[in-house]
Each structure stands twice: as C-alpha cells, then as structure tokens.
Amino acid sequence: MTCLKPEGSEPALAGKDGADFNAAEIMQPRAPAATPAEFKNGERVKSNDVTPEGVYLPKYNILTPHMRSPDYVQMSTAAAITLGITNGQMHRCACTRCLNLLLTYPEGCRANCAYCGLARHREAERDYADRNFIRVDWPAVPMDEVVDIVARDVEGSPFHRMCISMITHPRSDDDTVTVLQKWTDRIDPSAIPISILSNPTTMTRGDVKLLHEMGSDIFTVALDAATPEIFDRTRGKGVQSPHSWKKYWEILMDAREIFGPQKFGAHIIVGMGETEYDSLNLVQQLVDLGGHSHMFCFFPEKGSLMDHLPATPRDQWRRVQLGRYLIDYCDARVEHMKFDEEGRVIDFGLPAAELDMIIDTGLAFRTSGCPGKFADDISACDRPYGDSPPSNIASYPFELEDIDIRKVRHQLDRNRPGESYHQDEEFEFDDE
Ligand code: SF4
C-alpha cells in the first residue's frame with residue numbers, strides 16, 4: 001500500500017543518544033522570542049480586514065481573512081475530510097468519529113504552551129488560522145455551515161461525538177456557550193454527545209455548571225504536564241504563559257462535582273521530562289477521583305518551543321500507554337506495579353498470561369479520549385496521526401491487526417516466542 005509521506009515521518013524509536021525515555025534534563029523548551037508590535041494580537045489580519053467567504057483552508061490565501069468565533073470555528077483536517085469540506089485520505093482510516101471544533105480569533109490563543117503549535121510566540125511567523133496544531137492544518141468553517149451539514153442526517157452521521165476546544169482568549173467562555181447553543185438548537189445532544197475541552201485559566205465554576213446544564217456530556221481539562229514543575233516550565237511562568245497548575249485542578253474538581261463520575265477527565269502528554277511513575281501515578285489519582293485520563297505521546301510540533309526535542313521513545317510510550325489502560329479499565333493499581341530507579345515500569349503487577357491477553361486485544365494502544373458508540377474503552381476522538389507520523393504510529397486510530405500487535409510487542413520488548421517484527425514488513429511510503 002502507498003500513501004502520502006507527511007512531514008517529519010522519520011521513525012523515532014529511541015530518544016536522545018538511544019535512550020529509552022525522555023529525561024527531564026533534555027526536555028527544556030527554547031525561550032520565546034519577542035514579537036514586533038506590528039504582529040501582536042493578530043494585527044496583520046485585523047488591519048487587512050479581508051472578509052471571510054465560506055471555508056478557509058490554511059495557507060491557500062495570501063491574506064488570512066478576519067474570522068472570529070462564534071461565527072467561525074476551526075476543525076481538524078480529519079474532521080474536515082469526514083464532514084466533506086476538504087478532500088483527502090487518511091492512512092488506514094476511513095473517517096474520524098469526533099468532530100473537534102476549535103474556537104478561532106485573529107488574536108489567537110493568548111497562552112504560550114511550549115509544545116503547542118497554536119502558541120502566542122508564533123504571532124510574527126504565521127497568522128493564527130494558518131498554524132499547524134497536533135501535526136495538521138485546521139480549516140476554518142462557518143459554524144452555521146457545520147451545523148447545517150450535520151443536522152441534515154444526524155442518525156446517519158459518522159460522528160460519535162462533538163467536542164468544543166476552548167483556547168485562552170477573553171471571548172472564549174462566552175463564545176463556547178454560543179457555539180454550543182447553535183449546535184443544540186438543531187442537534188439533539190443525546191444523538192451526538194458533546195465534550196468540552198476546557199480552558200480553566202479564564203473559567204469559573206459557574207461556567208462549568210452552565211456548560212453542563214446546556215447538555216454537555218463530558219468535561220476535560222488539558223493538564224498536559226504530569227507534574228506541577230513540568231506544568232510551570234512548559235505552560236506557566238517558564239514560557240511567559242498564564243496557566244497555573246492550581247487553577248487547572250480547581251476547575252477539574254468543579255467538573256468532578258458538576259459532571260459526576262466517568263464524565264470528567266484530564267489530558268496528559270507523555271515524554272516531556274516526567275517519569276513513567278509520575279504519569280501513571282496521575283492516572284491513578286484521576287481514576288480514584290472517578291475520572292479518566294486521555295493520553296498523548298509528545299511529538300515535537302513544528303514551530304513550537306519544543307520542536308528541537310526528541311519525540312517520546314516508543315518503549316517509554318508503550319509502557320505508559322499499557323499501564324494507563326490497565327489502571328483505567330482493568331482495575332490494576334499503580335501501587336501494584338514496580339518501577340526502576342529512573343521511574344520506568346518493570347512490572348505491571350499482573351500475571352504474564354493476563355497481561356499478554358490484554359496486549360493482544362490492542363485496545364491499550366489505540367487513541368485514548370472520550371468514548372464513542374462502540375465501547376467505553378474505544379475513543380470517539382481518534383485524532384489520526386495527531387501524535388506521530390503514520391510510519392511510526394504512537395496512538396492507533398484504528399483496530400490493530402496482527403502486524404501492529406507484533407510491532408507493539410517488539411517495542412515493549414515482549415515478543416512472543418518465535419515471533420518478531422521488522423519495519424520492512426510494513427507499507428511503503430512514496431510521494432504520490
Ligand atoms: S492553551 Fe491550549 S491552545 Fe493555547 S497554547 Fe496552550 S495548549 Fe495551545
């Protein structure tokens with residue numbers, strides 16, 4: 001099989017100098033550079049003031065139109081393909097099951113998270129609506145058009161869930177409410193459940209309550225960092241960004257009370273300098289509170305303050321991915337696992353036969369996120385290739401086949417007797 005070769009598709013099986021984990025010392029973001037005044041706050045887009053017309057595909061126009069939520073939202077390339085707004089094919093995926101809608105403004109996100117393509121420090125380099133985010137472009141589409149398309153055939157919709165992703169902007173709280181209202185006016189939230197990926201920095205408990213009352217099903221908080229130190233380094237004071245660990249936890253605990261058990265969760269990125277124990281301890285904490293974790297593998301997003309750093313080695317990622325699945329869905333506990341002096345998992349605390357059976361289902365290695373309509377442990381939000389290139393998949397957006405399981409086992413150093421995996425067994429990439 002052939003497919004388009006995306007940028008940055010080199011395999012990244014090992015970390016710096018062949019290490020099997022991303023150590024804290026090397027995972028240091030660059031300092032953000034100062035932005036000239038003429039580029040600040042989306043000034044270029046606002047002063048050109050080009051009127052938007054219909055769908056805007058990033059980089060296709062020389063002057064980015066002046067688009068704002070709640071009239072406009074951005075969506076992932078996968079969602080745009082599934083919605084029929086753009087053409088394209090995804091390697092081994094027919095569609096995505098989650099319609100991710102991202103609020104958009106010429107001023108962009110006012111935060112500066114070091115791993116994120118949407119961060120404020122990119123103001124001089126690229127207009128907000130043209131920035132790459134989790135490795136792909138995000139077309140901008142009028143919200144009314146999105147609702148029109150989905151409302152035409154809600155029962156037959158490929159989407160199992162819709163998610164509104166807030167960004168850090170003074171209008172974000174109010175506009176999330178308006179976008180949600182536009183959706184629920186025409187689409188029954190019980191037919192396509194709604195998730196909110198929140199921005200705690202600007203939110204109050206009252207905002208969380210209102211979003212719940214309006215029909216949202218699940219509320220998530222993107223902690224992203226597994227420890228307060230890494231949080232501060234990558235999305236707080238360390239990079240001139242406004243977020244704080246304390247405020248994120250406040251809103252997470254509000255969501256716990258308001259949305260209830262199994263209806264709240266947190267995002268965690270693996271490989272930003274935390275130990276495997278740190279990540280799994282946080283997963284356990286969330287489960288004990290009654291919530292879930294949604295996990296991402298660190299990938300050096302082009303243009304971000306961490307784009308010079310190594311992607312998470314696959315061994316570290318697979319161990320944490322498996323540990324997280326065991327804690328979230330198999331009643332395993334972090335206290336029963338064993339870790340070495342570097343915090344790496346050396347024993348998952350389960351009998352080998354049981355562990356093998358769970359590995360062979362492949363479920364632990366699929367993209368994690370809010371559930372769709374297939375099963376509680378199959379995410380609607382499959383984010384195809386959001387945290388890796390297709391040549392070296394981190395989160396599988398589809399059901400794993402035999403070759404995928406053998407690859408994962410190889411990465412976990414748990415080959416079955418007589419079995420192996422070789423990269424050249426896989427698909428070819430070319431430039432078609
Ligand atoms: S708040 Fe979210 S969108 Fe904004 S820079 Fe941070 S991670 Fe990116």
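Residues are numbered from 1 along each chain as its sequence is written. Because the model is predicted, local features are reported at pLDDT of at least 70 and side-chain atom pairs count only at pLDDT 80 or more, whereas totals for chains, interfaces and linings use all residues.

Helices (H or I, at least four residues) and strands (E, at least two) are taken as DSSP runs numbered from the N terminus. Axes are lines fitted to C-alpha atoms, for helices over the stretch in contact, and angles run from 0 to 180 degrees between N-to-C directions. Helix H3, residues 143-151, packs with helix H4, residues 172-186, at an angle of about 25 degrees, and their axes lie 10 Å apart. H3 and H4 are therefore roughly parallel to each other, given that angles under 35 degrees count as roughly parallel, over 145 as roughly antiparallel, 65 to 115 as roughly perpendicular and the rest as oblique. The crossing of H3 and H4 is right-handed; a crossing is right-handed if the near helix is turned clockwise from the far one by less than a right angle, and left-handed if anticlockwise. In this pair, Met 143, Asp 144, Val 147 and Ala 151 of H3 meet Val 179, Lys 182, Trp 183 and Arg 186 of H4, where two residues are in contact if their C-beta atoms, placed from the backbone, lie within 7 Å. By class, the contact of H3 with H4 comprises five nonpolar, no polar and three charged residues; Ala, Val, Leu, Ile, Met, Phe, Trp, Tyr, Cys and Pro count as nonpolar, Asp, Glu, Lys and Arg as charged, and the others, Gly among them, as polar.

A second pair is formed by helix H8, residues 276-289, and helix H9, residues 314-329, which pack at an angle of about 20 degrees with their axes 10 Å apart. H8 and H9 are therefore roughly parallel to each other, and their crossing is right-handed. On the H8 side the contact is made by Glu 276, Ser 279, Leu 280, Val 283, Gln 284 and Val 287, and on the H9 side by Gln 316, Arg 319, Val 320, Gly 323, Arg 324, Ile 327 and Asp 328. The classes represented in the contact of H8 with H9 are five nonpolar, four polar and four charged residues.

The ligand is surrounded by Cys 109, Ala 111, Cys 113, Cys 116, Leu 118, Ala 119, Ile 167, Thr 168 and Arg 235, a residue being assigned to these surroundings if its C-beta atom, placed from the backbone, lies within 6 Å of the molecule. By class, this shell has seven nonpolar, one polar and one charged residues.

Most residues other than glycine have a negative phi, and most peptide bonds are trans. In this model, the peptide bond from Ser 69 to Pro 70 is cis, with omega near 10 degrees, and Pro 70 is found in the loop between H1 and E1. Asn 41, in the segment before H1, has a positive phi near 55 degrees. With 16 C-beta neighbours inside 10 Å, Asn 41 counts as partly exposed; a residue is buried if 20 or more other C-beta atoms lie within 10 Å of its own, exposed if 12 or fewer, and partly exposed in between, with C-beta atoms placed from the backbone. Asp 224, which is found in strand E6, residues 218-224, likewise has a positive phi, of about 65 degrees, but counts as buried, with 22 C-beta neighbours inside 10 Å.

Pro 58 lies in the loop between helix H1 (43-48) and strand E1 (72-75) and is buried, with 21 other C-beta atoms within 10 Å. Residues up to four places away in sequence not being counted, Pro 58 touches Ala 129, Asp 130, Asp 137, Trp 138 and Pro 139. The C-alpha atoms of Pro 58 and Pro 139 are separated by 5.8 Å, although these residues are 81 residues apart along the chain.

Ala 255, in helix H7 (residues 245-259), is buried, with 29 other C-beta atoms within 10 Å. Neighbours within four places in sequence aside, Ala 255 is in contact with Val 208, Phe 219, Val 221 and Phe 264.
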